[in-house]
Amino acid sequence: MQVLLIDDERAIRRALREILEFEGCVVEEAENGDQALDKLNSHQFDLIFSDIKMPQMDGLELLDRVLELGIDVPVIMISGHGTVETAVGAIKKGAFDFIEKPLDLNRILVLLRQVKDRNLLVQETKVLKQVVKKIKGSAIIGDSAAISAIKTMIEKVAPSEARVLITGGNGTGKELVARSLHELSNRSKMPFIEVNCAAIPAELIESELFGHEKGAFTSAVKDRKGKFELASGGTLFLDEIGDMSLTAQAKVLRALQENVISRVGGEKDLKVDCRVVAATNKDIREEIKAGRFREDLYHRLAVILIHVPSLNERRSDIPQLVSHFIKLICQEHGILEKSIDPAAVEALSQINWTGNIRELRNIIERLIILSDQCIMAADVNRYANPSH
């Protein structure tokens, strides 16, 4: 932990430094507020100890400046005799806590532990915010003609209640389109529920979608709501719908036609109100010809069709995607953002991306882990998938 220690008394600084360094902290010192501000401008600290009574700029003025500058660092005030009330006032103003002179070792250790816990929570919150931002899908990266057309389509379609069928290969970003449709819709404050139809065994898909009544089958020990009910008021995203069994397709068709479902093992019809967005990596027209997909369900789902192009079809977006993933992944790993040489970006642009954006993201993560601070073309040649 990086600590800035501000006190005009050398003896106090020395005593506190010994304690902090014994606890593994790296300590910088300042004799007054002006020195402290200089250090705060050039270094990043995890904790500040500041005396209240100091010549020139006192601790309270320094606290004001720290808050004005938006420096998000906990400040612990050091209060001498008769300044406890002032210290309490400082806490109300935004200080983390205070310690009194003479310094109490146990009190300092407790505060250090509290600050570490606080900083950990702050870091976790930042990571969670990044995850939420990523999940929300508020930004589809790219300015290519194909992606610009998709963004325009989403803006037009999202406020409506029209069902959408999203097509495209694995890893192209179909889920991102679905989430963007939800976020820009009038249902955005309600749930976005996703079902991966390919990942659920055929015998369980009906229970997953429509729920079941207690006793409907051996392991049904209590009533369970299905995804249609859970998505009520919001959006139900049926991913890889081309892999759904014909029996389940018939029930989905009824749900879309009548806005009612019945749970497995149940006799009662339940009203549902969710917007259905579906996606598939299959050629549904071919699936219909082969008798594996119901044509009437296709027409119910494909009121609006959005095709997401492969990464090979939108290579002009690769530099933007690379920059986006470097920033995102470095934040996720909690490391300093790495740079990338233009020749490395060019090398990435030449790869045959059979796995699309998902594959690009994986390779960027690999490059960040294995490369030096600047990713070079040689790194791309060395660490990109050997199959290329």
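**Terms first**

By relative accessible area, buried means under 20%, exposed means over 50%, and partly exposed lies in between (1.4 Å probe, protein chains only). I read this as a predicted model, in which local features need pLDDT of at least 70, side-chain atom pairs count only at pLDDT 80 or more, and totals for chains, interfaces and linings use all residues. Residues are numbered from 1 along each chain as its sequence is written, and side-chain values use heavy atoms, with hydrogens and water left out. Helices (H or I, at least four residues) and strands (E, at least two) are DSSP runs, numbered from the N terminus.

**Entry 1: Glu213**

I began with Glu213. It sits in the loop between α8 and α9. I then looked along the chain to Gly265, 52 residues apart from Glu213. The C-alpha atoms of the two are separated by 5.5 Å.

**Entry 2: helix α8**

I moved on to α8, residues 202-210. Which of its residues are buried? I listed Ile205, Glu206, Ser207, Leu209 and Phe210. Next I checked what covers them, counting contact as heavy atoms within 4.5 Å. The cover includes β7 (192-196), α9 (227-230), β8 (235-239), α10 (246-258) and β9 (260-261). Gly211 follows α8, and its phi is positive, near 80°.

**Entry 3: α8 against α10**

I took α10 from that cover and looked at the pair. Axes here are lines fitted to C-alpha atoms, for helices over the stretch in contact, and angles run from 0 to 180 degrees between N-to-C directions. The axes of α8 and α10 come within 9 Å and cross at roughly 20°.

A crossing is left-handed if the near helix is turned anticlockwise from the far one by less than a right angle, and right-handed if clockwise. α8 passes α10 in a right-handed crossing. From α8, Ile205, Glu206, Leu209 and Phe210 meet Thr247, Ala248, Lys251 and Val252 of α10. By class, the contact of α8 with α10 has five nonpolar residues, one polar and two charged. For these classes, Ala, Val, Leu, Ile, Met, Phe, Trp, Tyr, Cys and Pro count as nonpolar, Asp, Glu, Lys and Arg as charged, and the others, Gly among them, as polar.

**Entry 4: helix α13 and its partners**

I looked up α13 (residues 318-333) with α15 (residues 356-370). They pack at an angle of about 55°, with their axes 9 Å apart. That makes α13 oblique to α15. Their crossing is right-handed. In α13, the residues in contact include Leu321, Phe325 and Ile329. On the α15 side they include Leu360, Ile364 and Ile368. I sorted the residues of the contact of α13 with α15 into 12 nonpolar, one polar and three charged.

Then I turned to α14 (residues 342-349), which packs with α13 at about 115°, the axes 10 Å apart. The crossing of α13 and α14 is right-handed. Ile318, Pro319 and Val322 of α13 make the contact with Val345, Leu348 and Ser349 of α14.

**Entry 5: helix α3**

In α3 (residues 59-68), I found Gly59, Leu60, Leu62, Leu63 and Val66 buried. Seen down the axis of α3, the buried residues fall within an arc of 155°, so they line one face of the helix. The arc is that of the directions from the helix axis to the C-beta atoms. Their cover includes β1 (2-6), α2 (33-42), β3 (47-51), β4 (75-79) and α4 (84-93).

**Entry 6: backbone checks**

Most residues other than glycine have a negative phi, and most peptide bonds are trans. I looked for exceptions. Gln56, in the loop between β3 and α3, has a positive phi of about 60°. Is Gln56 buried or exposed? It is exposed, with a relative accessible area of 64%. Asn259 has a positive phi of about 55°. I placed Asn259 in the loop between α10 and β9. It counts as partly exposed, at 36% relative accessibility.

Lys101 and Pro102 are joined by a cis peptide bond, with omega about -5°. Pro102 lies in the loop between β5 (97-100) and α5 (105-136).

Note on methods:
Angles under 35 degrees count as roughly parallel, over 145 as roughly antiparallel, 65 to 115 as roughly perpendicular and the rest as oblique.
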